[in-house]
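The entries below are in the order in which I looked things up.

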Amino acid sequence: MILVFTAVASQGFAQAPPGPSSPLYGARPSSGSTSTGLPVALRDVRIDQKLNEQLPLDLVFRDESGQEVKLGKYFGQKPVVLALVYYDCPMLCTQILNGMVTSFRVLPFQIGKEFDVVTISFDPREKPDLAATKKKVYVDYLPDKMQAGANNGWHFLTGDPANIERIADAVGFRYHYDEATKQFAHASAIMVATPEGKLSHYFYGVNYSARDLRFGLMEASQHKIGSVAEQLTLYCYMYDPAKGGYGLAIMRVMRIAGVITVIGIVAMILLLKPRRSQQMTKGVAQ
């Protein structure tokens, strides 16, 4: 489903019309024949989960200002939301970024404070000026109070083919460039990594539940972020790698309910005990 931001079109969300009808394509504004079906190459387009695998933090990219940076620069202190897209894509990648910023707007955690975001273009033809333009669009869409943190904590990177290939392989992102149609075929997901750079969660699609993303960040941070109430809520849910989301953990809920029941019974006994003692004392006195 294509996300439409009509209310913020004036802020820079207006994009070129989508390309081919296949939802796995994002078209570049270049010439090429139009495909209306799934190509043979689509068999190799997928996302292979690599949970607990270490990201290659030595990879070198260019940030939106054109400076060379090591991927490890963005790790070490906070969990990181990682997304592979390409910036000139008017279709699926735009939906991924739209889904991310929509979730970020309502998260209780703020970019640059509790977590960082790293967006990497997998198209080696894209340059930092395009990354800077894309960053401005999405940072400007965040509430005013979040924009300063996002300017420092949301990074839009570009790179050469070798580094792009290594990061894509590290996260299991399998995509294909079709010369006939001048398009990329790719799947959609975002990842959460620990401060040390280990992959901890995958969230699929183009709409990312703020609750699931919040839980993922809390777990990736080893529960260093989130209130006591949020930690208790997280205890009642369990991450399902197959679904790329959280589901209610029935056994944990039952344990909590059992503990609450026992506490209630003990409290009732303690409250009734003085009354019973008083009644027995009165009976003896009579």
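**Ground rules.** This is a predicted model, in which local features need pLDDT of at least 70 and side-chain atom pairs count only at pLDDT 80 or more, while totals for chains, interfaces and linings use all residues. Residues are numbered from 1 along each chain as its sequence is written, and side-chain values use heavy atoms, with hydrogens and water left out.

**The whole chain.** I found seven helices and 14 strands in the protein chain. Of its 286 residues, 47% count as buried, where buried means under 20% relative accessible area, exposed over 50%, and partly exposed in between (1.4 Å probe, protein chains only). Among contacts with a separation of 6 or more, 72% join residues 24 or more positions apart.

**Helix H2.** I then turned to H2, which covers residues 128–141 and has 14 residues. From its first C-alpha to its last it reaches 20 Å, close to the 20 Å expected at 1.5 Å a residue, the expected span being 1.5 Å times one less than the number of residues. Its buried residues are Pro128, Ala131, Lys134, Lys135, Val137, Tyr138, Val139 and Tyr141, and what covers them includes strand S3 (60–62), helix H1 (92–106), helix H3 (144–153) and strand S7 (154–157).

**H2 against H3.** How do H2 and H3 pack, at what angle and how far apart are their axes? The angle is about 150° and the axes are 8 Å apart, which makes H2 roughly antiparallel to H3. For these values, axes are lines fitted to C-alpha atoms, for helices over the stretch in contact, and angles run from 0 to 180 degrees between N-to-C directions. Angles under 35 degrees count as roughly parallel, over 145 as roughly antiparallel, 65 to 115 as roughly perpendicular and the rest as oblique. I listed Lys135, Val139 and Asp140 of H2 as meeting Gln147, Ala150 and Asn151 of H3.

**H2 against H1.** The axes of H1 and H2 come within 10 Å and cross at roughly 30°. From H1 the contact uses Thr94, Leu97, Asn98, Val101 and Arg105, and from H2 it uses Lys134, Tyr138 and Tyr141.

**Lys134.** I looked at this H2 residue on its own, and at 7% relative accessibility Lys134 counts as buried.

**Thr119.** Tyr87 came up again when I checked Thr119, which touches Ala83, Val85, Tyr87, Leu97, Met100, Trp154, His155, Phe156 and Leu157, not counting residues up to four places away in sequence. Thr119 is found in strand S6 (residues 116–121) and is buried, with a relative accessible area of 0%.

**The core.** The largest nonpolar core has 67 residues, and those with the most contacts inside it are Val81, Met100, Phe104, Trp154 and Val171. H1 gives the most to this core, with seven residues. Such a core is a set of buried Ala, Val, Leu, Ile, Met, Phe, Trp, Tyr and Cys residues joined through side-chain atoms within 4.5 Å.

**Asn52.** My last entry is a loop residue, Asn52, placed between strand S2 (46–47) and S3. Its phi is near 70°, a positive value in a residue other than glycine, and at 59% relative accessibility Asn52 counts as exposed.

Technical notes:
Helix = DSSP H or I, 4+ residues; strand = E, 2+ residues; numbered from the N terminus. Contact = heavy atoms within 4.5 Å.
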